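Visitor: I'd like to learn how to read a few features off a model like this one. Could you take me through them?

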Amino acid sequence: MAANIAPASRPAGRPVDRPVDRPVDRRGILIELGGTALVVFALTVSLVGFHIKDISGGITLDLRFVDVASAVAIALVVRGWTILMRHGYHRVVAISAAAVAALLVVSLLFGGAGVQPWLPFKAELLQWLLAVLSAGFAIGAGLRISRDGRSGVAGHDGAALDEQDALMDRVGAHVQRNSLWIGGVLFAAAACFPFMPGVNLQYLDIGVLVLTYIMLGWGLNIVVGLAGLLDLGYVAFYAVGAYSFALFASPDSPLLQDLGLTEGISFWLCLPFAGLMAALAGVALGFPVLRLRGDYLAIVTLGFGEMIRVTLLNFYSLTKGPDGISNIPPPSLLGYSTQSKMDEETLQNTTEFHTAMGWDFNQADTTILLYFVILAMALTTNFFTVRVRKLPVGRAWEALREDEVACRSLGINPTNTKLTAFGFGAMFGGFAGSFFATRQTFVSPESFTFIESAVILAIVVLGGFGSQIGVVVAAFLLIGLPEIFREVQEYRMLFFGGSMVLIMLWRPAGLLAHREPTIRMHGRKGRGGRAEADRAT
């Protein structure tokens, strides 16, 4: 009823970009802006406010409070735009954001050294990022002006957020319904990426890293997204897979040396073994946590991950402790080694692939091989997850995620359901760990800290629980962009953390969160609903 009365109560000639529901709380806005400035200042003063320089006369401390003040000012401007959008002042946001974006673009394209020194951040990538952010605010405000002008109703404090959530829900539902062709486009782009113009060895390495985290995210999505079991120790299975491969593949492995072997097993033979060992570790973790839920489950899995890391660190006779295991060979191709014969003693009984083909050795060829190996492994993980969701075990995972009590009442065994979720999720973590070992050619316990589990879980949460394409988007945002911005090392983690906070405030359920059931009792309404209901019954 309120929605029907609001248009009639709007005075004639009132500007579209003014709030109509309630007066602006200026005191609350000032408190909000002050809190934002305080938080940003506390973060930036420790990250970018001080810089230690090593000069000929000794070590000196460079104070960069101008950069800190600039970061606070930028945060206040962005927060101010958000508040104005929330209260309906879209025209003010559109004009000011467009002006800032135009100023930054002009200074970047035509200013040169004579104009850019006044900008607080000298890095061009940061300036482009701020320009894109400002342009995004301007476009968003312009769309709101156009939409409110057509409807004749100005937005207000809660309606804008509700409409935004509804829009993202529709986007998530659309992505899920059209996941087949969207996935096909993403696969074509990934397959052609190494051969695109301008792609060098650095971008190939970033692509390999992003695909590794996509595979890890899809593996954890089985446990967290489908089964609803919060796992903070997923890095443990990653480590088990990496060390399972390293112990049997590297000639420097204490295990092979104790067995008197001078040559390790190939990557393709060790890969299933690494996945099996990680799956066994997942089942071993599942048994003690069968009665736990929520935060208690997260604490136990976190402890399990730390136990694995400490064991690898202290079991020196097997894992070489903090020294790690080196000299891990890359994957072979058609039975030939893909590395250069740098060490005659290590590769005395092998033939390199490039030698057999009559080619000169090129490091980019090895990187391209690694890229396609992890691409195939990630696609296998995705195919398995999509197919298993339609099987009884996948439906049992979804039932367990929604309501464990109702799951028990339906006759589903929660013990077996949890163990299978932990086992399958850990198996793909082990596969990714074995690839990590062969890519790095070196493993050590320092590579499997809690921060890795946190990043993988952040990818799943940011993408949306249960969303496969959401994991791809989140992995690119959290892994790909920080690597691309590595040249601005001082501000990279600042923007990483800031983007995480903004996204969690804007879309806490995930970018593409849409938990559509795999099967419905009465089918979907509309076309094809009758046939789906018949299959369900």
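Guide: Let's begin with burial: a residue is buried under 20% relative accessible area, exposed over 50% and partly exposed in between (1.4 Å probe, protein chains only). Cys407 has a relative accessible area of 0%, so it is buried. Two notes before we go on: this is a predicted model, where local features need pLDDT of at least 70, side-chain atom pairs count only at pLDDT 80 or more, and totals for chains, interfaces and linings use all residues. Residues are numbered from 1 along each chain as its sequence is written, and side-chain values use heavy atoms, with hydrogens and water left out.

Visitor: Is Cys270 buried or exposed?

Guide: Buried, because its relative accessibility is 3%.

Visitor: How many disulfides does a search of the whole structure find?

Guide: A disulfide is a covalent bond between the sulfur atoms of two cysteines. The search takes cysteine sulfur atoms within 2.5 Å as a pair, and it finds 0 here.

Visitor: What does the side chain of Asn221 make a polar contact with?

Guide: A polar contact is a pair of N or O atoms within 3.5 Å; within protein, one must be able to donate a hydrogen and the other to accept it, and residues adjacent in sequence count only if both atoms are side-chain atoms. For Asn221, the partner is the side chain of Gln468, at 3.0 Å. Asn221 is itself buried, because its relative accessible area is 0%.

Visitor: Which residues does Asn221 touch?

Guide: Contact means heavy atoms within 4.5 Å. Leaving out residues up to four places away in sequence, Asn221 touches several, including Val460, Phe465 and Val471.
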